Amino acid sequence: MSGEVAALVHNARWEVTRLRRSRRIWLLLIPIVAGPLGSGIADLYLRVPSSGTAEVLGLLITAGLAALVVLDLTALAVGEDLALRTHYLTFALPQPRVSALAGRLGIVVGGTLAVYGVGALGVAWLANVLVSTSSTAPAPILVPAHLALGVLGLLIFLGGVTAAAGIVARSAAQALVAGILAGVVAAGIGSMFLIEGRLTALFPEALAAVGLVGFAWCLVQYGRIEV
Amino acid sequence: MSPDVLTVDAVWKRYGDHDALRDVRFSLRSGEAVGYLGPNGAGKTTTLKLLAGLSRPTRGAVRVQGVDPCRDRARALRRVGALVETPGVPPYLTGADLLEYVAGVKGVPAAERRVAARRGAEAMNVAEHLGRPFGSLSTGLARRMLLGAALVGDPEVLLLDEPTLGLDPAARHDLRDVLRTLSRGGLTLLLSTHLIEDVQEVCGRVLFLRNGVLVGDEPVNLDPDSRTGGPRRAVRLRFGSDVPAESVTRAVGPEFGVTYDGPRQATVRFSGGDAEQAALLAGVIRAGLPLVSASTPEPDLARRYLERVGREDAP
């Protein structure tokens with residue numbers, strides 16, 4: 001195993017240990033359980049006109065929960081050690097810093113995307129089981145499959161912005177605030193495009209691109225941090 | 001001749017408009033234990049940060065086992081244990097979590113990590129606390145756990161920054177014992193400290209740093225006789241009237257090293273304890289020398305520290 005891969009693997013395991021010890025690992029259950037559950041309750045008690053609309057509703061609930069999870073876990077993965085000065089210890093270990101952080105981010109961001117995916121599948125299944133589409137039902141405001149994929153772009157965006165903010169602020173709390181603000185701005189712009197009928201796949205793609213740039217910048221800067 | 005394990009070559013480090021280090025040059029050969037003494041802000045921690053790959057020099061070069069630690073961290077730091085300043089550890093992590101992680105990163109095979117972590121903790125006498133979260137450890141225990149982490153993976157080089165800070169006297173004593181033992185086993189040690197006793201008891205060579213400039217690089221013990229024996233004790237004798245040269249030497253015998261500090265004062269150095277000191281004083285009195293007092297002189301290293309570094313922030 002090369003040094004980079006070994007560092008990636010060690011730090012991915014390290015992140016799992018940290019999630020377990022801090023009990024933050026339970027946050028990863030929220031999009032899987034609370035997303036479909038909330039969506040199912042809405043399906044049963046609201047007059048949802050079609051399974052497509054039920055899916056859109058459920059996906060928005062699940063996406064909101066997954067967004068909170070990715071914000072929290074990413075902010076802590078980047079900012080906690082910098083705030084506590086744990087990096088005085090980890091930077092002096094024989095491992096490339098970029099691979100070390102990439103391993104940790106891989107777990108929190110990859111984990112959140114994965115649990116969002118599971119939650120989205122649960123939402124779709126429940127919507128089709130619980131809601132019957134009437135012949136007069138209007139079409140949903142968004143194509144559910146497009147929304148499901150678009151949310152991935154939003155989650156990557158939030159993760160990337162939060163990770164970059166963690167490097168700048170060297171604090172998990174401030175990174176979290178920056179991520180929430182970015183999410184509010186993204187939701188506002190998305191809503192505006194939706195109302196104006198200009199919302200296309202370009203928007204989530206642009207969000208994902210910004211998020212990836214944020215992650216890349218974060219990793220490069222992490223490798224350059226001087227203490 | 002042993003190769004240089006640590007090299008600091010004409011290093012400058014600038015923070016803003018302040019030069020923290022100015023043209024610092026020294027090297028450590030394999031197996032050397034070197035103390036790094038200087039007042040607050042002299043640049044000791046900055047030097048250790050450079051050697052541990054936490055920071056880059058503004059000018060000059062540092063090498064650890066022949067490799068720049070910022071360029072090839074994995075190769076340079078593979079057999080290095082370092083504790084620079086006081087890192088914080090998330091309160092929910094246990095000592096075992098941290099030490100096993102360090103063992104993994106240092107290349108200890110998965111099956112041996114638990115044992116390696118335990119060995120590191122045992123060296124610092126904290127093995128029974130391995131399962132406790134850092135948040136529940138006292139400052140001293142947490143510090144010892146961090147020192148244990150630096151010892152994981154049997155390092156060949158140890159970089160320690162104020163390692164006895166926050167330790168109780170017993171733990172300080174234990175740490176010095178551990179460092180002496182490791183040093184005798186061939187470990188290369190750079191010990192940055194405020195405390196002269198740390199250097200006196202552990203190191204064979206000392207570097208003095210003042211305002212970012214290296215102002216001294218010399219053996220800890222300048223008494224050539226002491227290189228072979230165990231710890232040396234010194235007694236300063238004061239006389240009521242002038243005593244002839246060599247009279248003290250004749251009175252105490254050749255096994256005692258006598259330095260005449262003036263016609264009424266001499267310092268006697270010897271290997272041994274209270275019994276030898278009693279024999280020394282009895283010899284002086286039997287010889288009829290006009291002894292009026294016997295005292296322990298200011299430690300030689302402390303005197304040299306003051307000469308090289310000055311009174312500011314003297315330890």
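**Note on a predicted model of chains A and B**

1. Of the 315 residues in chain B, 42% are buried. The model is predicted, and the points below should be read with that in mind. Chain B contains 10 helices and 13 strands. Along the principal axes, its C-alpha atoms fill a box of roughly 70 × 45 × 35 Å.

2. Chain B has an open sheet of six strands with mixed pairing, in the order E5-E6-E7-E3-E8-E9. Strand E5 (80–83) and strand E9 (213–219) of chain B each have a single partner strand, so they stand at the edges and one side of each is left without a neighbour in the sheet. From one strand to the next the twist averages 15°.

3. B:Gly81 has B:Leu158 of E6(B) as its bridge partner.

4. Two helices that pack on this sheet can be described together. Helix H5 (residues 139–151) of chain B touches E5 and E6 of chain B, and its direction makes about 160° with that of E5(B). Helix H10 (residues 300–309) of chain B touches strand E3 (33–37), strand E8 (205–210) and E9 of chain B, and its direction makes about 30° with that of E8(B).

5. In chain A, helix H1 (residues 3–22) has 20 residues and reaches 28 Å from its first C-alpha to its last, close to the 28 Å expected at 1.5 Å a residue. After H1(A) comes A:Arg23, with a positive phi near 65°.

6. Which residues of H1(A) are buried? They are A:Ala7, A:Leu8, A:His10, A:Asn11, A:Trp14, A:Glu15, A:Arg18 and A:Leu19. These buried residues pack against helix H3 (51–84) and helix H5 (97–130) of chain A, together with helix H3 (95–105) of chain B. H1(A) therefore has packing partners in both chains, given that contact is judged by C-beta atoms within 7 Å.

7. The contact between the chains takes 27 residues from chain B and 21 residues from chain A. On the side of chain B that touches chain A, the elements that give two or more residues are helix H2 (73–76), H3 and H5 of chain B. H3(B) gives the most, with five residues. By class, this side of chain B has 16 nonpolar, four polar and seven charged residues.

Technical notes:
Residues numbered from 1 in each chain as written. Chains lettered and ligands numbered in written order. Predicted model: local features only at pLDDT ≥ 70, side-chain atom pairs only at ≥ 80, totals over all residues. Helix = DSSP H or I, 4+ residues; strand = E, 2+ residues; numbered from the N terminus. Buried ≥ 20, exposed ≤ 12 C-beta atoms within 10 Å, placed from the backbone. Pairing = 2+ DSSP bridges. Axes fitted to C-alpha atoms, helices over the stretch in contact; angles between N-to-C directions. Expected span 1.5 Å × (residues − 1). Nonpolar A, V, L, I, M, F, W, Y, C, P; charged D, E, K, R; others polar.
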